Amino acid sequence: MKNIVKAMTFGELASKYFPSICDRHARRKLRNWINLCKPLRKSLGDLSYDDTTRSLTPRMVMAVYQFLGEP
């Protein structure tokens, strides 16, 4: 059975990937990872993501999981 992917804030997702660091640094680190992964950056761009996006749709979250793996 698949897990249901829900919409979440960028900070929530960043905290899942980097639970041991503060929220601000987790967000910065996840944005850096996204910017370094060109295919992910393109996929998110097609979904209207940019560097100021704070809320992620389920499709955006699924794209991150596809390229970076689930946290």
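Reader: Which residues in α1 meet which residues in α2?
Author: This is a predicted model. The axes of α1 and α2 come within 8 Å. From α1, the contact takes in F10, G11, L13, A14, S15 and Y17. On the α2 side they meet D23, A26, R27, L30, R31, W33 and I34.

Reader: Is α1 roughly parallel or roughly perpendicular to α2?
Author: Helix α2 covers residues 23-36. The two axes cross at roughly 90°. An angle of 65 to 115 degrees counts as roughly perpendicular, so α1 and α2 are roughly perpendicular.

Reader: How many nonpolar, polar and charged residues has the contact of α1 with α2?
Author: The contact includes L13 and A14 in α1, and D23 and R27 in α2. Sorted by class, the contact of α1 with α2 has eight nonpolar, two polar and three charged residues.

Reader: At what angle do α1 and α4 pack, and is α1 roughly parallel or antiparallel to α4?
Author: Helix α1 spans residues 10-17 and helix α4 spans residues 58-68. Their axes lie 12 Å apart, at an angle of about 25°. Angles under 35 degrees count as roughly parallel, so α1 is roughly parallel to α4.

Reader: Is the crossing of α1 and α4 left-handed or right-handed?
Author: The helices pack through L13, K16 and Y17 in α1, which meet V64, Y65 and L68 in α4. By class, that contact has five nonpolar, no polar and one charged residues. The crossing of α1 and α4 is right-handed.

Reader: Are α3 and α4 roughly parallel or roughly antiparallel?
Author: Their axes come within 10 Å. They cross at roughly 170°. Angles over 145 degrees count as roughly antiparallel, so α3 and α4 are roughly antiparallel.

Reader: Which residues make the contact of α3 with α4, and how many of them are nonpolar?
Author: The axes of α3 and α4 come within 10 Å. From α3 come P39, L40, S43 and L44, and from α4 come M60, A63, V64, F67 and L68. By class, one residue is polar, none is charged, and the nonpolar count is eight.

Reader: What covers the buried residues of α4?
Author: The buried residues of α4 are M60, V61, A63, V64 and Y65. V64 and Y65 are among the residues that α1 meets. M60, A63 and V64 take part in the contact with α3. The cover includes β1, α1, α3 and β2.

Reader: Which residue just after α4 takes a positive phi, and of about what value?
Author: Helix α4 spans residues 58-68. Just after α4 comes G69, with a positive phi of about 85°.

Reader: Is S48, with its positive phi, buried or exposed?
Author: S48 is not a glycine, yet its phi is positive, about 75°. S48 sits in the loop between α3 (38-46) and β2 (55-56). Its relative accessible area is 61%, over the 50% cut-off, so S48 is exposed.

Reader: How many disulfides does the structure hold?
Author: C22 is partly exposed, at 41% relative accessibility. C37 is buried, with a relative accessible area of 19%. The number of disulfides is zero.

Reader: How far apart in space are I4 and N35?
Author: I4 lies in the segment before β1. I4 is exposed, with a relative accessible area of 82%. In sequence, I4 and N35 are 31 residues apart. In space, C-alpha to C-alpha, they are 26 Å apart.

Key
Residues are numbered from 1 along each chain as its sequence is written. This is a predicted model: local features need pLDDT of at least 70, side-chain atom pairs count only at pLDDT 80 or more; totals for chains, interfaces and linings use all residues. Side-chain values use heavy atoms; hydrogens and water are left out. Axes are lines fitted to C-alpha atoms, for helices over the stretch in contact, and angles run from 0 to 180 degrees between N-to-C directions. Helices (H or I, at least four residues) and strands (E, at least two) are DSSP runs, numbered from the N terminus. A crossing is left-handed if the near helix is turned anticlockwise from the far one by less than a right angle, and right-handed if clockwise. Contact means heavy atoms within 4.5 Å. Ala, Val, Leu, Ile, Met, Phe, Trp, Tyr, Cys and Pro count as nonpolar, Asp, Glu, Lys and Arg as charged, and the others, Gly among them, as polar. Buried means under 20% relative accessible area, exposed over 50%, partly exposed in between (1.4 Å probe, protein chains only). A disulfide is a pair of cysteine sulfur atoms within 2.5 Å.
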